[in-house]
Amino acid sequence: MSTSPSFSTQLIGQTEKTLNAILARLLAGTGLTEPGWVTLTLAVRSGGTADLTVVVSRVADAVKISDAEARARVDELAAARLLVVPDVAGSPVRVTDAGSQLYTRIRSSVVEITERMWGDLPAEDLAAAGRVLTTVLERANAELARS
């Protein structure tokens with residue numbers, strides 16, 4: 001008889017809350033919120049090639065907020081001198097040196113922590129979990145789009 005809980009919304013929710021608490025601890029004192037961290041991450045991963053509308057759209061989609069709210073997150077990072085938002089339409093949003101350094105510091109801590117959490121789990125278990133969570137995410141996004 002297994003002592004592991006069944007896959008459920010409760011398990012997903014508890015996992016998300018715990019992971020968010022870990023992230024909040026990593027972000028403490030940086031001035032970043034979770035949406036700010038997501039925004040910085042997406043800007044870094046764009047490699048300085050995405051224009052403002054693309055970055056805003058990606059943030060809105062990732063955080064499940066409006067474009068106006070996503071633009072506010074981008075503007076907050078620009079005000080904190082972590083991003084440079086160009087005045088010219090079509091020009092890319094750039095990550096400043098300070099933004100890049102902050103991202104690297106936090107990201108390295110995230111990598112260390114996630115390695116402790118699931119680095120020793122079998123690859124086939126991780127692949128199965130990835131498939132299941134991807135399917136659930138796709139269905140959840142479809143449900144959200146219906147509303």
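Mentor: Four salt bridges are present in this predicted model (side-chain nitrogen of Lys or Arg within 4 Å of a carboxyl oxygen of Asp or Glu). Residues are numbered from 1 along each chain as its sequence is written, and side-chain values use heavy atoms, without hydrogens or water. Because the model is predicted, local features need pLDDT of at least 70 and side-chain atom pairs pLDDT 80 or more, while totals for chains, interfaces and linings use all residues. Side chains of opposite charge can pair when their charged atoms come close.

Start with helix H4, residues 67–79 (helices are DSSP runs of H or I, at least four residues; strands are E runs of at least two; both numbered from the N terminus). Among the salt bridges is Arg73 to Glu76, at 2.7 Å, N to O. These two residues are three apart in H4, so about one helical turn separates them. Arg73 is buried, because its relative accessible area is 19% (buried is under 20%, exposed over 50%, partly exposed in between, with a 1.4 Å probe and protein chains only).

Another salt bridge joins Arg71 and Asp75, at 2.8 Å, N to O. Both residues lie in H4, four apart, again about one turn of the helix. Arg71 counts as partly exposed, at 34% relative accessibility. Asp75 is also partly exposed, at 33%.

Now Asp61 and Lys64. Their side chains meet at 3.8 Å, N to O. Asp61 is exposed, with 52% relative accessible area. Lys64 reaches 41%, so the residue counts as partly exposed. Lys64 sits in the loop between helix H3 and H4.

Look at the backbone of Lys64 too. Its phi is near 65°, a positive value in a residue other than glycine. Most residues other than glycine have a negative phi. Arg81 likewise has a phi near 65°. Arg81 lies in the loop between H4 and strand E1, residues 83–84. The side of Arg81 open to the probe is 66% in relative terms, so Arg81 is exposed.

Next, the nonpolar surface. Phe7, Ile12, Val132, Leu133 and Val136 form a nonpolar patch, with about 390 Å² of accessible area together. Patch members have over 30% relative accessible area and no salt bridge; nonpolar side chains (Val, Leu, Ile, Met, Phe, Trp, Tyr) are joined within 5 Å, like charges within 9 Å. The areas use the Shrake-Rupley method with a 1.4 Å probe. Helix H6, residues 123–146, gives the most to this patch, with three residues. Val136 belongs to H6. Val136 has 31% relative accessibility, so it counts as partly exposed.

Leu133 leads on to the largest pocket. Thr15, Glu16, Leu19, Leu133 and Leu137 lie nearest the pocket centre, among 37 lining residues. A pocket is an open set of points on a 1 Å grid where a 1.4 Å probe fits, with protein on both sides within 12 Å along at least five of seven lines; lining residues have an atom within 4 Å of a point. Helix H1 supplies the largest share of the lining, ten residues. Helices H1, H2, H3, H5 and H6 each supply at least two.
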